[in-house]
Amino acid sequence: MKLYVHDKNTKVKSYLDIVAPTRGELARTIGSGWFSLLGNQYHVHEVIAESSENNLTAGAIVGGIIGLIGGPLGVIIGGSLGGALGNESDKGEANKVHRFNSSSI
């Protein structure tokens, strides 16, 4: 999960080098609900979380490569298992993003 704010001048995403599961924890980590970034003042309520991973595709590819040992059937089975594991990881990441974005301080 990555945290960012929209730059107040350019509206471009500016990523934070901090990881926190909720906005309350973010405020505790930085010591205040307010912080400065690139010359602008932001409140933790302006911080947005987004997923930093796409494990479904990576899992399917890795599983498929490992499955090459087992031939065509191994590729299919390995790709399917890798995709399933990657999908579960993506769901966990989505839950973390939702938890942060719906949190308050």
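## Ground rules

Contact here means heavy atoms within 4.5 Å. The model is predicted, so local features need pLDDT of at least 70 and side-chain atom pairs count only at pLDDT 80 or more, while totals for chains, interfaces and linings use all residues. Residues are numbered from 1 along each chain as its sequence is written, and side-chain values use heavy atoms, leaving out hydrogens and water.

## I18 and its neighbours

Let's start with I18, which sits in the loop between β2 and α1 (23–30). Helices (H or I, at least four residues) and strands (E, at least two) are DSSP runs, numbered from the N terminus. Leaving aside residues up to four places away in sequence, I18 touches L3, L26, T29 and I30.

## Strands around β1

Strand β1 (residues 2–6) pairs in the antiparallel sense with β5 (residues 48–50) over 3 bridges; two strands pair if DSSP finds at least two bridges between them. In this pairing, L3 stands opposite A49.

β1 also pairs with β2 (residues 13–15), again antiparallel and over 3 bridges, and here Y4 faces Y15. The β1–β2 hairpin has 6 residues between its strands, and K11 in the turn has a positive phi of about 65 degrees.

## The β3–β4 hairpin

β3 (residues 34–37) and β4 (residues 40–43) form an antiparallel pair over 4 bridges, with L37 opposite N40. This hairpin has 2 residues between the strands, and L38 takes a positive phi near 55 degrees.
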